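User: Could you take me through one part of this model closely, the open sheet and what packs on or bonds to it? I would like the cut-offs spelled out along the way.

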Amino acid sequence: MRGEAGMASSTLKLFFFLSSFFTFSPIPCLGRYHPLDPLTPSEFTRVRTIVRKSYPSSIHNLTFQYIALDEPDKSLVKSWLSKPKPKPKTLPRRAFVITRLDKHSHEMVVDLSTRSVVSDKVYGGHGYPLLTFDEQTVASELPLSYKPFINSVKKRGLNLSDVVCTTFSVGWFGEEHKKREIKVLCYYIEGTPNLYMRPLEGISLVVDLDELKIAEYYDRDRVPVPKAQGTEYRLSKQKPPFGPRFNGFAIVQPDGPGFKIDGHTISWANWVFHLGFDVRAGPVISTASIFDVEKATYRQVLYRSFISELFVPYMDPTEEWYYKTFFDAGEFGFGQSASPLEPLTDCPENAVFMDAHYASSDGTPVNITNAFCIFEQHAGSALWRHTETEIPGELITEVRPEVNLIVRMVSTVGNYDYVLDWEFKPSGSIKFGVGLTGILEVKGVPYTHTDQIKEDAYGTLLTDYTLGVYHDHFLTYYLDLDVDGEANSFVKNNLVTKRVTDHSSPRKSYWTVVSETAKTESDAKIQLGLKPADLVLINPNKKTKPGNNIGYRLIPGSISNPLLSHDDYPQIRGAFTNYNVWVTPYNKSEKWAGGQFIDQSRGDDTLATWSLRNREIENKDIVLWYTVGFHHVPCQEDFPVMPTLSGGFELRPTNFFESNLIERSVVSRSRSVRFFCLP
């Protein structure tokens with residue numbers, strides 16, 4: 001075992017060794033134009049200028065809550081894509097803008113070419129827009145100059161200089177009228193940067209976001225502040241005994257990366273797709289097509305996909321915790337919360353990085369360095385293999401190594417870090433992965449041993465005075481598949497047990513497939529795990545040579561369904577998680593599963609309410625919605641930081657090709673993985 005200096009020295013040696021082979025600077029996105037390209041910094045500035053000209057700041061209280069591309073109609077994008085190269089820059093370039101203007105929410109469409117506001121509507125429904133970092137920062141600093149709070153800190157014998165505060169959405173619990181508010185909770189960082197492990201339990205403040213003033217203050221309970229001991233997670237501060245030590249290694253690609261990036265368009269192996277960015281959703285993968293060698297053409301698979309919402313309800317119904325039922329994408333912004341990726345740790349040595357941009361509350365552009373990394377992953381496993389031993393006198397072994405392309409972003413929403421992967425496989429599959437890591441949201445309690453707990457504590461005692469509260473994570477993906485064309489159908493291939501009753505076989509039973517095509521939205525709502533079935537999106541207008549329907553199959557990951565009652569207020573707002581699978585007809589305005597204005601929403605504009613119309617979905621342009629769920633029962637191994645918990649799902653071609661697409665795949669011998677043992 002080595003001490004701190006030895007570990008730091010090894011890390012630096014590894015970094016500089018690898019740096020001699022690779023550079024890690026992000027690439028500029030200056031290449032080919034695409035109508036779905038995210039707004040550029042200059043376009044954000046132009047939007048700001050146009051809107052402020054209509055509403056001068058000297059007269060109006062104006063903040064920008066959301067600015068993003070107002071994507072062109074799908075038919076126009078498809079038409080543009082079908083044109084030969086070089087393609088003209090002819091599609092309209094517009095921005096969709098949500099502002100808070102004199103305490104009202106406005107939905108605007110700004111035409112960037114004519115420099116005009118072409119639409120401006122005051123939102124009159126329930127709920128409020130995305131929370132900006134700027135207003136959250138101001139709100140979190142208010143307690144530090146608020147006398148009642150200062151007195152509460154002194155009564156606990158704590159130093160105000162070691163107190164930091166952060167913000168939490170307040171939810172909706174049946175109130176008829178509610179101002180735009182946010183909760184502020186505070187933590188103690190003396191002796192540790194792991195603030196979430198040292199809550200000032202019992203103290204809470206409510207801030208009026210339109211006024212940016214403290215509206216309510218509570219100091220209810222006084223429980224011990226959890227200890228700093230054992231909560232430090234920085235490598236440079238670790239002390240013996242250390243954990244296992246791993247030898248360094250390097251991935252070397254002498255021919256360079258096997259993919260090309262042209263603007264926001266990425267081509268690799270047999271795939272081509274567009275990578276965008278949204279301040280709310282984060283990564284947006286669009287116009288993904290795969291090259292069919294037999295047909296000698298690219299075929300459509302996925303028009304647009306992103307994480308539509310993430311619902312995180314905590315399971316503590318007490319006064320200080322009941323409201324902790326978060327919608328991380330719609331309230332806090334997955335894109336806004338993107339963390340700069342660290343070369344060699346977040347992403348491997350062969351990764352290429354890309355920046356992303358969004359607009360701050362005053363409309364000025366914000367740059368996120370290394371928001372994405374793109375890399376080829378040599379998985380060390382087989383793409384396919386077979387060993388044949390049954391031919392007399394001959395042994396045949398054929399193996400193809402698996403190589404995939406990964407697009408990665410990490411979103412840090414408060415205490416949690418979400419590692420988001422889009423993985424493209426040469427076989428035609430797309431895997432969607434999410435890794436949950438970071439730090440638990442813990443509750444300060446008076447307990448030091450489980451024997452002291454006499455009633456439901458709503459969590460696991462992790463260490464002295466520290467309780468990890470039970471909670472869920474539900475990520476709902478928006479998947480606009482266009483399987484070899486727009487007109488698709490959703491088919492449930494039910495696996496049904498049949499009895500052998502005519503004595504024609506020694507067998508007594510077998511299973512077979514009974515297919516059922518969903519005709520309306522209600523036919524397609526599915527709670528997974530109730531009965532076995534293959535779920536396939538097919539193109540009913542095209543068939544393979546043997547006559548099978550061309551399709552893509554949904555292969556779910558681990559299944560977790562919500563356990564809250566359907567009449568509970570958080571679940572009313574999160575009703576889009578009531579089913580793992582939904583299918584809706586394509587509608588450009590139906591993007592956000594929890595609604596456009598989800599902060600303090602009431603569940604009246606969600607995927608669940610849209611689907612009540614029970615629209616026809618057979619042989620239509622349809623959207624698949626899939627929810628990945630986790631029930632999290634914290635354990636001591638989650639303290640003081642959480643090992644990554646992974647989940648996801650796969651979209652896999654099913655009779656899409658005439659045969660195995662990768663039977664004749666070739667991996668260059670020069671593009672290999674070489675391992676170096678470093679001292």
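**The open sheet and its surroundings**

Strand β7 (residues 203–208) pairs with β8 in the antiparallel sense, over 6 bridges. Two strands count as paired if DSSP finds at least two bridges between them, and strands (E, at least two residues) and helices (H or I, at least four) are DSSP runs, numbered from the N terminus. Within this pairing, Leu205 has Tyr217 of β8 as its bridge partner.

A word on the basis: this is a predicted model, with pLDDT of at least 70 needed for local features and 80 or more for side-chain atom pairs, while totals for chains, interfaces and linings use all residues. Residues are numbered from 1 along each chain as its sequence is written, and side-chain values use heavy atoms, leaving out hydrogens and water.

Stepping back, the pair belongs to an open sheet of 4 strands in the order β5-β6-β7-β8, with antiparallel pairing. The edges are β5 (163–168) and β8 (213–219); each has a single partner strand, so one side of each lacks a neighbour in the sheet. On average, neighbouring strands are turned by 30 degrees against each other, direction ignored. Axes here are lines fitted to C-alpha atoms, for helices over the stretch in contact, and angles run from 0 to 180 degrees between N-to-C directions.

Now the helices. Helix α4 (residues 133–141) lies across β5, β6 (181–188) and β7, and runs at about 135 degrees to β5. Helix α5 (residues 147–155) packs on the sheet as well, touching β5, β6, β7 and β8, with its direction at about 30 degrees to that of β8. Contact means heavy atoms within 4.5 Å.

The term stands for a side-chain nitrogen of Lys or Arg within 4 Å of a carboxyl oxygen of Asp or Glu. In general, side chains of opposite charge can pair when their charged atoms come close.

How accessible are the two partners? Asp219 is partly exposed, at 31% relative accessible area, whereas Arg156 counts as buried at 15%. Buried means under 20%, exposed over 50%, and partly exposed in between, using a 1.4 Å probe and protein chains only. For context, a search of the whole structure finds 38 salt bridges.
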